Each structure stands twice: as C-alpha cells, then as structure tokens.
Amino acid sequence: MGRQRRLSYDTAYEYEHLARNHLIPELGSRRVETFSPMVVENYLTTMDRLGTPSPTQFKVYVLLKTLLLDAHRKGAINEHPLQDVDAPRYEASRAVVPTPEQIAGIKAAANHDRFSMFVDMMAGCGLRKGEALALNVNNIVADDVYRVTEQVHYRTRKLEKLKHRKPGEFREVPLPRSIREAIERFVEKNGTTEDGYVLQGARAKHMNHSTINAIWYRKLAGKAVDIP
C-alpha cells in the first residue's frame, strides 16, 4: 500500500480493515511463495464456515487476488496462484426507492427537525448523505437549482470534496419548490452558521453521520414505521 500513492482515504481504510480483520488472522504467517490455488480455496471455505457475509467475502477475495497476482507478476510466486479457483460471487440487491408516504412517515416518527431537513435534501434533490449534511443556503444559485460543492465525510466528520470529483468541482441538481420552501422555513426557525451551513451539530459546526445513525437505528427501530 505504501507504493499505491493514488489510493483514496476510503479505499485505503477499507483495504486495511479487510486485511486486519480477515486476511492476516488466517494467512498472515504464510510465506508468500507457498500460496497456491488449494490454499486460496481452503481460505474461501474457511470464510464460508465462519459465516462471513457474501459482500465481505467478495471484497476480501478481490483484495487477496490483487496481492497474489502482483506477487506472481514480480516472480515471488512461480505458479499462477488462482488457477481454476472458484471465486465468490456477489450481486448487490436492487435499491428500493421509498414512496412519498413512507418518507412522510419516517420524518414524523423521527420527530427531529434537522433529520427531516436532511431527508428532504436526499429525497428531493437526490443527494448522498454527506452532501445533504453539508447543506448551505449559499449553494442555492437559482430558485430551482442547488449547487452541490462538498460533503461531510463520514469518517473524518469534516467538509471534503465531492466523491469522484476533484477539489473545486461541483454539480448542479434541480431544486423543487417544496424543498426550497422547506429550507427557508428551517432557516427562519433555526438560522445558519456565519458561512451559511444549515444542519449544525449539537457540539460541532456540522451534524454528522453518527446523529443520523442514532436516529435511524435506535429511535426509529422501536416504532411502527414503514421503511422499505
């Protein structure tokens, strides 16, 4: 990983997590030249036996494959280490878009002004979670246009560039009248920071993902809410 200078923060974090929690405990002491298809097959069987979730198995295999093929290309492993290996397969389930009635029910059950505004930005403007948390009145560049310029990162909890974009790049999304009016009502009631950020945290400048998770997984969990 020290040679992979272009790895994003998220990718590097995920690689380290997968290696630390899955690869190293089972394979960390094995000498690299002893890896073979049988060793890989046995490891995949072990993940099955341990009940490792299918998405995680797939990610671990992709990382292991990358490492072993790199070692093979550099001559550290003579024979192809993945020859005829039955690789794990995973297809993500299709996303389900909630209905307006379900969205209204979720907001009512949460009974939390900032959470409702957060939900409105995701449902009304199609924003990612971090982008919705970075809601700023200065990004309303027209009555019906919102400019997405940054996000609150879910690990650093700081404002960072948009996902898959370079610093300074942005995209513009339609801003429905109902969402613009919801922003105006929220700001009139709660105000903003000096630089226009709307969703302020209880102890920080920005509300972050931990607040959203607490509402979603704890507050809503004990209520009869129709969540798709």
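**Close-up views of a predicted model**

**View 1. In strand S2, Val 145 is the bridge partner of Ala 142.** The model is predicted, with local features requiring pLDDT of at least 70, side-chain atom pairs counted only at pLDDT 80 or more, and totals for chains, interfaces and linings taken over all residues. Residues are numbered from 1 along each chain as its sequence is written, and side-chain values use heavy atoms, without hydrogens or water. Strand S1 covers residues 140–142, and its pairing with S2 is antiparallel, over 2 bridges. Between S1 and S2 lie 2 residues, and the two strands form a hairpin. Strands (E, at least two residues) and helices (H or I, at least four) are DSSP runs, numbered from the N terminus. Strands count as paired if DSSP finds at least two bridges between them.

**View 2. Strand S2 also pairs with strand S5, in the antiparallel sense.** This pairing runs over 4 bridges, and S5 consists of residues 171–174. Tyr 146 has Val 173 in S5 as its bridge partner. What do the two faces of S2 carry? Tyr 146 and Val 148 are on the covered face of S2 (residues 145–148), while Val 145 and Arg 147 are on the uncovered one. In a regular strand, side chains alternate between the two faces of the sheet.

**View 3. Helix H2 lines one face with its buried residues.** Val 39, Val 40, Tyr 43, Leu 44, Thr 46 and Met 47 are the buried residues in H2. Seen down the axis of H2, the buried residues fall within an arc of 155 degrees, so they line one face of the helix. The arc is taken from the directions that run from the helix axis to the C-beta atoms. Met 38, Asp 48 and Arg 49 are exposed, and they sit on the face of H2 turned away from its buried side. Buried means under 20% relative accessible area, exposed over 50%, and partly exposed in between (1.4 Å probe, protein chains only). Just after H2 comes Gly 51, with a positive phi of about 75 degrees.

**View 4. Asp 84 and Arg 157 have positive phi values.** Phi of Asp 84 is near 65 degrees, although the residue is not a glycine. Asp 84 belongs to the loop between helix H3 (54–73) and helix H4 (100–110). With a relative accessible area of 68%, Asp 84 is exposed. For Arg 157, also not a glycine, phi is about 60 degrees. Arg 157 is placed in the loop between strand S3 (151–152) and strand S4 (159–160). Its relative accessibility is 49%, so Arg 157 counts as partly exposed.

**View 5. Lys 59 and Glu 14 are joined by a salt bridge.** The N to O distance between the two side chains is 3.2 Å. Lys 59 is in helix H3 and Glu 14 in helix H1 (residues 9–27), so the pair, 45 residues apart, links distant parts of the chain. A salt bridge is a side-chain nitrogen of Lys or Arg within 4 Å of a carboxyl oxygen of Asp or Glu. Both partners are partly exposed: Lys 59 has 40% relative accessibility, and Glu 14 has a relative accessible area of 31%. The structure holds 13 salt bridges.

**View 6. Glu 33 forms a salt bridge with Arg 31.** The closest N and O atoms of this pair are 2.7 Å apart. Are the two residues exposed or partly exposed? Glu 33 is partly exposed at 43% relative accessibility, whereas Arg 31 is exposed at 55%.

**View 7. Asp 195 and Lys 205 meet in a salt bridge within a loop.** The distance from N to O is 2.6 Å. Both Asp 195 and Lys 205 lie in the loop between helix H7 (177–190) and helix H8 (209–219), so their pair ties together parts that are 10 residues apart in sequence. Asp 195 is partly exposed, at 32% relative accessible area, and Lys 205 is partly exposed too, at 39%.

**View 8. Asp 70, Arg 73 and Lys 74 form one network.** They are joined by salt bridges that share partners. Arg 73 belongs to helix H3 and is exposed, with 62% relative accessibility. From Arg 73 to Ala 19 the separation is 54 residues in sequence and 21 Å in space, C-alpha to C-alpha.
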